[in-house]
Amino acid sequence: MPLDYQSAGVDYHRIDALKIRAQQAARGTARHLAGHGAREIASSRGESAYVVEAHGVLLASIVECLGTKSLVADAMRAISGRSHYDSIAQDTIAMAVNDLVTVGAAPISVHAYWAAGGSDWFSDVPRMEDLVRGWQAACDVCEVSWGGGETPALAGVVAPGSIDLAASCVGIVPSHAHLTLGESLRAGDAIVLVASSGIHANGVSLARRLAQSLPHGYASLLGNGRRFGDAVLDPTVLYPPVLKALWAATVLPHYCVNITGHGWRKLMRHAADLTYRMHSIPEVPEVLAFLQREGQMDTREAYGSLNMGAGFALFVAPADVEPTLAAVRSAGVAAWHCGVVDPGPRRVLIEPLDIEYAADELALRG
């Protein structure tokens, strides 16, 4: 059977329906901010991070979880001898900070949530040391303070021998001019795609499902000779240094998208009636090409679910394309000018692949 998210146990239609109901309920709670001398930036509702203004400071916040990548790390330990928890620590932080920077916020602090299936999980000292070391290293790359966290043992909630990793993050937007909530997004803007390092932490359920069907599982070799499991565990790119490089180059994006769940459909995250026309695409990382090929995913499903080599998107003025490319590359990440924003209707067109996604395929807002 060809791989898709629903067959792997993830039904976005049901999940997104809950998100929309939660957004509708949450909107009414903003009235409580006034009692604290604060107000919400209403246009941040439905974006990847929430922004409030308190006593002249713009604060953004986010909470995100790793998902099921820890299960791949656990399975690969028997093959490689490594715990890989240093890598998935970075993945967990990336899930939070990469969402935070989409609104123009520089992360300043991170908190950890490590919920194990029982106290025995914490008895594995090498694994714990890898987790702590990886978490600290990712904080250093992002120049954030690790403020603390929570480490519950949740027998009966989390499966025995497993752990649920999550992170919350707070950031500061330097000024209203730095906010990237889409008010400046317009037809004629250029679309710059920023490279991913592979699968990141989205699509892992598909990778796990595929591994179950392969004769050698995670030990299966890719075309470049690497093991499938090792490639799946490549850590997610941390994009906060990219944001800081853009600011140093005096480039203020009109909008940003962290390309995670929903794949390239996420390019039309903004609610405006605009068409996102991609005239070129980056090379697909070997692990994602393998996942698509061996999982018999058609190309439309692959680009609608996975990052396919582009982990982040920047929407910038045409005059800012070259400075944007130079700034991103100065942060050590590849980038390409791949598209343009056209007048509506709201959709994504990937012209080299003859693929179109319509607005009703991305229900993220309520």
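Helix 5 covers residues 204-213 and helix 8 covers residues 286-294; they pack at an angle of about 60 degrees, with their axes 10 Å apart. Here an axis is a line fitted to C-alpha atoms, for helices over the stretch in contact, and angles run from 0 to 180 degrees between N-to-C directions. Helices (H or I, at least four residues) and strands (E, at least two) are DSSP runs, numbered from the N terminus.

Before going on, a word about the model. It's a predicted one, so local features need pLDDT of at least 70 and side-chain atom pairs count only at pLDDT 80 or more, while totals for chains, interfaces and linings use all residues. Residues are numbered from 1 along each chain as its sequence is written, and side-chain values use heavy atoms, with hydrogens and water left out.

Back to that first pair. The crossing of helix 5 and helix 8 is left-handed, a label used if the near helix is turned anticlockwise from the far one by less than a right angle, with right-handed for clockwise. Leu206, Ala207 and Leu210 of helix 5 make the contact with Phe290, Leu291 and Glu294 of helix 8, where contact means heavy atoms within 4.5 Å. Sorted by class, that contact has five nonpolar, no polar and one charged residues. Ala, Val, Leu, Ile, Met, Phe, Trp, Tyr, Cys and Pro count as nonpolar, Asp, Glu, Lys and Arg as charged, and the others, Gly among them, as polar.

Now look at helix 7 (240-248) and helix 10 (residues 321-330), which pack at about 135 degrees with their axes 8 Å apart. This pair is therefore oblique too, and helix 7 passes helix 10 in a right-handed crossing. Val242, Ala245 and Leu246 of helix 7 meet Thr324, Ala327, Val328 and Ser330 of helix 10. The classes in this contact are five nonpolar, two polar and no charged residues.

Helix 2 (residues 69-80) and helix 3 (residues 85-100) have axes that come within 10 Å and cross at roughly 170 degrees. That makes helix 2 roughly antiparallel to helix 3. Lys69, Ser70, Ala73 and Asp74 of helix 2 meet Tyr85, Ile88 and Asp91 of helix 3, and this contact has three nonpolar, one polar and three charged residues.

On a 1 Å grid over the protein atoms alone, a cavity is a set of points where a 1.4 Å probe fits but cannot get out, and lining residues have an atom within 4 Å of a point. The largest cavity holds about 80 Å³. Its lining has 14 residues, with His200, Asn202, Asn258, Ile259 and Thr260 nearest the centre.

Finally, two backbone details. Histidine 55, in the loop between strand 2 (50-54) and strand 3 (57-65), has a positive phi of about 55 degrees although it is not a glycine. The peptide bond from glycine 344 to proline 345 is cis, with omega near 5 degrees.

Technical notes:
Parallel < 35°, antiparallel > 145°, perpendicular 65-115°, else oblique. 1 Å grid on protein atoms, 1.4 Å probe; cavity = no way out; pocket = protein on both sides within 12 Å on 5 of 7 lines; lining within 4 Å. Points joined across faces, edges and corners; volume = space filled by probe spheres on them.
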